[in-house]
Amino acid sequence: MSASPVLWSLDARGVATVTLNRPEVNNAYDGALIAGVLAAIDDLSTRPVRVVVLNGNGKHFQAGADLKWINGVRPKSFEENEAASRATFEAVQRLNTLPVPTVALVQGGCFGGGTGVISACDIVIAADNALFSITEVRWGLTAAIIIPQLCDAIGVRQVRRYALTGERFGAEDARRIGLVHEVVPSADLDSAGAKVVEQLLGNAPDAMAETKKLAMESSFGGMAVDDEAYKRLVHLHSAKRQTAEAAEGLASFAEKRAGRWGGGA
C-alpha cells in the first residue's frame, strides 16, 4: 500500500507538484485522500507558490470515488454522510479557487470525481491514452457537488449528455467539448506540462491572480464553500448516497453486474 495518499513538493521556482498516490486503486478517492488534498493545500498556502501541477501516480490519473469506501460510509448517520460530501466538495472547490494557476496532467482513467477535479484546474493536458466518464448515475449516485465545475468546463449542454449517459469518451472528445485543452502522446505529457509551467512563470503573479478571480466571479463554480447553494448540493450529494437506488447501484458494482432498476416514469 502507498505510504501517503497525497504527496507534494515545491521547487526553487515556486512550482508545487501535488500527486495523488493511491495507484493500487487507480487513485480512487477515500477519506484519507480527501484529507491529504486539503492538507497539501493548507501547507502550500503558507509558502511562495507560483504554479500548482496536479498529477496521479501510476497508470491512471483518478478513478473517482472508491466505491468500497462509499459503501462503508453509506449506512452511517446522515451527519457522517454529509461530512464526507462536504469534505469532498471542499477539496475540489479549494483547488478551484486557488489564487495561483493550476495545471492538471491526465493519463489513463479520469472518472467521476476525477472529472470534477480537472474541471477545477485552470489548464488540463491529457495523454492520448486518457479516458473519461462522469460515472455517478451508473451506481445510483449523483455528481451534485461537481456539477458547477463541470458546467464551467464543458457547458450545460454537454453535462446534460455525459452526466446522464455515464458513457466513456477519449481524449480527443474531451478536447472537443472543452474538458481538456491539449492532447499529447503519453510519453510527452510531462514535457508538455513543463512547457505550460514555463509560460506561466513568465507572467506577473498578481495579474494572473486577479484575472483568475475575475473569471471566477462570472462562473457557475465560483461560489464560496459556505454559500447556501453549495450547502444544498452537499445535502443532495450525501442524501442520494443513502437511498435504495444507491444501495442497488453499489451492489451491482460489487457483484460486477448491471443495476436492476425499477420501471420507467
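1. Packing of helix H10. In this predicted model, the buried residues of H10 pack against helix H2 (67-73) and helix H9 (228-241). The buried positions in H10 are Ala246, Glu248, Gly249, Leu250 and Ser252. Note that Glu248 is in this buried set. An α-helix has 3.6 residues a turn, so residues three or four places apart point the same way.

2. The end of H10. Lys256 follows H10 and has a positive phi, near 55°. Lys256 is not a glycine. Most residues other than glycine have a negative phi. Lys256 lies in the segment after H10. Is Lys256 buried or exposed? Its relative accessible area is 77%, which is over the 50% cut-off, so Lys256 counts as exposed.

3. Asn27 sits in the loop between S2 and helix H1 (31-44). For Lys256, by contrast, the label is exposed.

4. Aromatic pairs. The count comes to five aromatic pairs. One of them joins Trp139 and Phe253. The geometry is edge-to-face, with 5.4 Å centre to centre and 75° between the planes. Why edge-to-face? Because the 75° angle is over 60 degrees, the cut-off for that class. The pair links distant parts of the chain, 114 residues apart. Trp139 is in the loop between strand S7 (131-133) and helix H5 (147-165). Phe253 belongs to helix H10 (residues 244-254).

5. Cover over that pair. The two partners carry separate labels. Trp139 is buried, at a relative accessible area of 15%. Phe253 is partly exposed, at 36%. The reasoning is simple: 15% is under 20%, so Trp139 counts as buried. The 36% of Phe253 falls between 20% and 50%, so Phe253 is partly exposed.

6. A ring cluster. Which residues do ring pairs link into a cluster? They are Phe132, Tyr162 and Phe169.

7. The three-stranded sheet. S5, S7 and S8 form an open sheet, in the order S5-S7-S8, with mixed pairing. Strand S5 (109-111) and strand S8 (169-170) stand at the edges. Each has a single partner strand, so one side of each has no neighbour in the sheet. S5 and S7 pair in the parallel sense, over three bridges. Gly109 stands opposite Leu131 in S7. Strands of a sheet pair through backbone hydrogen bonds, either parallel or antiparallel.

8. Strand S3. How many residues of S3 are buried? Six of the six are, so S3 is largely enclosed by the rest of the structure. Val51, Val53 and Asn55 point one way from S3. Val52, Leu54 and Gly56 point the other way. Both sets are buried. S2 and S3 run parallel, joined by six bridges. Val18 stands opposite Leu54 in S3.

9. Helix H7. The length of this helix checks out. H7 (residues 189-201) has 13 residues, and at 1.5 Å a residue these should span 18 Å. The end C-alpha atoms are 19 Å apart, which agrees. The buried residues of H7 are Leu189, Ala192, Gly193, Val196, Val197, Leu200 and Leu201. What do they pack against? The partners include strand S2 (15-20), strand S3 (51-56), strand S4 (102-106) and strand S6 (123-127). Strand S9 (182-184) and helix H8 (205-217) are also among them. S3 is thus a partner of H7, and its six residues are buried.

10. The whole chain. The secondary structure comes to ten helices and nine strands. The radius of gyration is 18 Å, close to the 18 Å that the globule rule gives for 265 residues, so the chain is as compact as a globular protein of that length. The C-alpha trace spans about 55 × 40 × 40 Å along its principal axes. Of the 265 residues, 48% count as buried.

11. Contacts and surface. Take the contacts in the chain with a separation of 6 or more: residues 24 or more positions apart account for 72% of them. The accessible surface of the chain comes to about 12600 Å². Carbon and sulfur atoms hold 55% of that surface.

Methods: Residues are numbered from 1 along each chain as its sequence is written. This is a predicted model: local features need pLDDT of at least 70, side-chain atom pairs count only at pLDDT 80 or more; totals for chains, interfaces and linings use all residues. Side-chain values use heavy atoms; hydrogens and water are left out. Rings of Phe, Tyr and Trp (its six-membered ring) pair if their centres lie within 6.5 Å; planes under 30 degrees apart count as stacked, over 60 as edge-to-face and the rest as tilted. Helices (H or I, at least four residues) and strands (E, at least two) are DSSP runs, numbered from the N terminus. Buried means under 20% relative accessible area, exposed over 50%, partly exposed in between (1.4 Å probe, protein chains only). Two strands pair if DSSP finds at least two bridges between them. The radius of gyration is taken over C-alpha atoms; the globule rule is 2.2 Å times the number of residues to the power 0.38. Contact means heavy atoms within 4.5 Å. Accessible areas come from the Shrake-Rupley method with a 1.4 Å probe; for residues, only the protein chains shown count as cover. The expected span of a helix is 1.5 Å times one less than its number of residues.
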